[in-house]
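Dear colleague,

Here is the structure I promised to pass on to you, with the sequence alongside. Please open it before reading on, as my notes follow directly below.

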Amino acid sequence: MTRQRAAVSDLLERTDDFRSAQQLHESLRAAGDTVGLATVYRTLQALVESGEVDVLRADDGETLYRRCESVKHHHHLVCRRCGTTVEISGGGVETWAEEMAATHGFTAIEHTLDLFGVCAECSRSDDRA
């Protein structure tokens, strides 16, 4: 692993929320790391392919990344306001996906499921306002 890729990986270790490649690049540059944006993208893609990083599509279509807490297949529950994210299992979804694939003769299926809402803390803030 190159120094630049290690810097991207280390930053992800210290980052709890989802961030875009551009945001990660800006953080690296602000810290004095001379990592190119293309290197950030390549590193993120490699980490996604190895299952070390989660990917999420924001409402505006931008791709966001975060270090996985779990290496097993999982889904996310994401607060639309503050970005708090919880990794969740999807037993029922997994069963449904397998059944739909089998019904239609598909194999080697993949899927992504992310749920968006308002977390308890943001909801309490609304109640106080």
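Let me begin with helix 1, whose buried residues are Ala7, Val8, Ser9, Leu11 and Leu12. Please keep in mind throughout that this is a predicted model, and that what I describe was computed from it. The cover over these buried residues of helix 1 includes helix 2, helix 3 (37-49), strand 2 (53-57) and strand 3 (63-67).

How do helix 1 and helix 2 cross? The axes of helix 1 (residues 3-13) and helix 2 (residues 21-30) come within 11 Å, and the crossing angle is roughly 105°. Because angles of 65 to 115 degrees count as roughly perpendicular, helix 1 is described as roughly perpendicular to helix 2. On the side of helix 1 the contact is made by Ala7, Val8, Leu11 and Leu12, and on the side of helix 2 by Leu24, Ser27 and Leu28. As background, an α-helix has 3.6 residues a turn, so residues three or four places apart point the same way.

For the chain as a whole, the secondary structure comes to five helices and six strands, and from the N terminus on the elements follow the order α-β-α-α-β-β-β-β-α-β-α. The C-alpha trace spans about 50 × 50 × 25 Å along its principal axes. Of the 129 residues in the chain, 32% are buried, and the accessible surface comes to about 8400 Å², with 51% of that belonging to carbon and sulfur atoms. If we take the contacts between residues at least 6 apart in sequence, 47% join residues at least 24 apart. As for charge, the chain has 14 positive and 22 negative charges, and their mean positions are 6 Å apart.

Leaving out residues up to four places away in sequence, Thr85 touches Phe18, Arg66, His76, Leu77 and Val78.

Ala30, by contrast, has its place in helix 2 and counts as exposed, because its relative accessibility is 72%, and the cut-off for exposed is over 50%. Between Ala30 and Glu121 there are 30 Å in space, C-alpha to C-alpha, and the two are 91 residues apart in sequence.

Ala108 lies in the loop between helix 4 (91-103) and strand 6 (114-117), and it is exposed, with a relative accessible area of 75%. Although Ala108 is not a glycine, it has a positive phi of about 50°. For comparison, most residues other than glycine have a negative phi.

Finally, which residues does Arg81 contact, leaving aside its neighbours within four places in sequence? Arg81, which lies in the loop between strand 4 (75-79) and strand 5, is in contact with Val118, Cys122 and Asp126. Arg81 and Asp60 are 21 residues apart in sequence, and their C-alpha atoms are 14 Å apart in space.

Definitions and conventions:
Residues numbered from 1 in each chain as written. Predicted model: local features only at pLDDT ≥ 70, side-chain atom pairs only at ≥ 80, totals over all residues. Heavy atoms only, no water. Helix = DSSP H or I, 4+ residues; strand = E, 2+ residues; numbered from the N terminus. Buried < 20%, exposed > 50% of the residue type's maximum accessible area, 1.4 Å probe, protein only. Contact = heavy atoms within 4.5 Å. Areas by Shrake-Rupley, 256 points an atom, 1.4 Å probe, with all protein chains shown as cover. Lys, Arg positive; Asp, Glu negative; His and termini not counted. Charge placed at Lys NZ, Arg CZ, Asp CG, Glu CD. Axes fitted to C-alpha atoms, helices over the stretch in contact; angles between N-to-C directions. Parallel < 35°, antiparallel > 145°, perpendicular 65-115°, else oblique.
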